[in-house]
Amino acid sequence: MGFLGIIKLAFISLNRNKMRSFLTALGIIIGVASVVGMVALGQGAYYSVQENISKMGTNLIMVMPGSSNRRGFHGARGSMMTLKPADADAILRDCPSVGMVSPISRGSGQAIYGNNNSNTSCMGVTEDYLKIASREVSEGRFFTLNEISAGSKVCVVGSTVVENLFGNLNPIGKTIRYSKMPLEIIGVLKSRGESGMGGDQDDLILLPFSVVQRRIRGVNHCDMLNISAATADSVESAKTEIEEVLRRRHKIAEGKDNDFNIVTQDDIAEMAGSTLTIIALLLGAIASVSLLVGGIGVMNIMLVSVTERTREIGIRMAIGAKTSDIMWQFLVESVVLTCAGGILGILCGVGLAKVISIFTPNFTPVVSTTSIVVSVAFSFCVGTFFGLYPAYKASQLDPIEAFRYE
């Protein structure tokens, strides 16, 4: 019998017990659907985070204070107060690869308008912040250099703050109180939604840097520096120049550690990508366990099938079937069963990804061609591996004993 004949015989044999064949393949279907669905979930999260990171800014470089170390006690990252507004001026002046710099001072407090109030965060920034962070004003305007220099009590608010305090009212020109200070709203930021870490990027009030630094917080340092490299190709050179300028200004001796940390947009994307790739692989590995369980079920049913069809095997051997013919017959049955389950599992996995996308509006699961190819290949390998022993056992039956079997 040719190979096509063996495949045809395999379908005939499986068709005799449709329900048993389906239940046997169900383990493979669930396993493949789990692998495709979980990997799609991981890939969707990966692309969503990468997209959010790309929106953080244009050629973004962030400089943050280092961790303090006093008498053997290590403080939290960013606990040092070494960054000064003058550092931003020096970087802009002495680093040819840097295009724009904005020192940032962070705070938090209660924003109040009428009977409404909202606990929100504020950021003191300069006139270049919007360009560096790739943000836009949807209504009104942003504050000017003169307003920053004069410490004017003006602010630009996010859409979440508008919703919490004003509802459907137009906030432009309205005055709110923030940390007991009256602030005139001159603009509303274009909505950006949640960040890659799950924070609301619209629950924010932007103020002139000097207002937050001196009047709200009463400090002379800044929490971080947001920097934009002149071009995408000059990010690494800008990073090197910034390090040299800050080490010189902070009088850090050669061989000593920096009292600041420099992180680029690519660094953040790489760290997030590595973490999410590991998570996606872990999800796929966990889902693959169900494939192994399904394979064991296939072996169990194939062994039962060999026992049930012992007389059939004896008859085939008696009329001239070779040992290899018998082995191929049962091996092909096992592979056909698992591959059919694999194809159905892929369809279920794609459906699972669609269902997940309905309940996860922040990102869309991505079904990759690689996960589909790997699932089909794995199904074939499972069918071959777990079908090999039953096929071998069938081929080693004694024809006379098999022919006598009742």
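Q: Why is Cys222 called buried?
A: In this predicted model, Cys222 has a relative accessible area of 0%. Buried means under 20%, so Cys222 is classed as buried.

Q: What makes Cys348 partly exposed?
A: The relative accessible area of Cys348 is 41%. Exposed requires over 50% and buried under 20%; Cys348 therefore counts as partly exposed.

Q: How many disulfides does the model contain, by the rule used here?
A: The count is 0 disulfides. The rule asks for a pair of cysteine sulfur atoms within 2.5 Å.

Q: What share of the residues in the protein is buried?
A: Of the 406 residues, 46% are buried. The protein has 13 helices and 12 strands.

Q: Which residues of helix 3 are buried, and why are they said to lie on the same side?
A: In helix 3, which spans residues 85-94, the buried residues are Asp87, Ala88, Ala90 and Ile91. They cover an arc of only 165° around the axis, and therefore they are on the same side of helix 3. The face turned away from that buried side carries Asp89 and Arg93, which are exposed.

Q: What do the buried residues of helix 3 pack against?
A: They pack against strand 4 (98-113), strand 11 (224-229) and helix 8 (235-249).

Q: Which residues of helix 7 are buried, and what do they pack against?
A: Within helix 7 (residues 209-216), Phe209, Ser210, Val211, Val212 and Gln213 are buried. Among the elements they pack against are helix 3, strand 4 and helix 5 (145-150). Gly218 follows helix 7 and has a positive phi, near 65°.

Q: What makes Tyr113 and Phe166 an aromatic pair, and why is it called tilted?
A: The structure holds 2 aromatic pairs. In the pair of Tyr113 and Phe166, the distance is 4.4 Å centre to centre, and the rule asks for centres within 6.5 Å. The angle between the planes is 45°; since stacked requires under 30 degrees and edge-to-face over 60, the pair is tilted.

Q: Why does this pair tie together parts that are apart in sequence?
A: Tyr113 lies in strand 4 and Phe166 in helix 6 (residues 159-166), so the pair ties together parts that are 53 residues apart in sequence.

Q: How do you know whether Tyr113 and Phe166 are buried or partly exposed?
A: Buried means under 20% relative accessible area. Phe166, at 4%, is therefore buried, whereas Tyr113, at 23%, counts as partly exposed.

Technical notes: Residues numbered from 1 in each chain as written. Predicted model: local features only at pLDDT ≥ 70, side-chain atom pairs only at ≥ 80, totals over all residues. Heavy atoms only, no water. Buried < 20%, exposed > 50% of the residue type's maximum accessible area, 1.4 Å probe, protein only. Helix = DSSP H or I, 4+ residues; strand = E, 2+ residues; numbered from the N terminus. Arc of directions from axis to C-beta. Contact = heavy atoms within 4.5 Å. Phe/Tyr/Trp six-rings, centres within 6.5 Å; stacked < 30°, edge-to-face > 60°.
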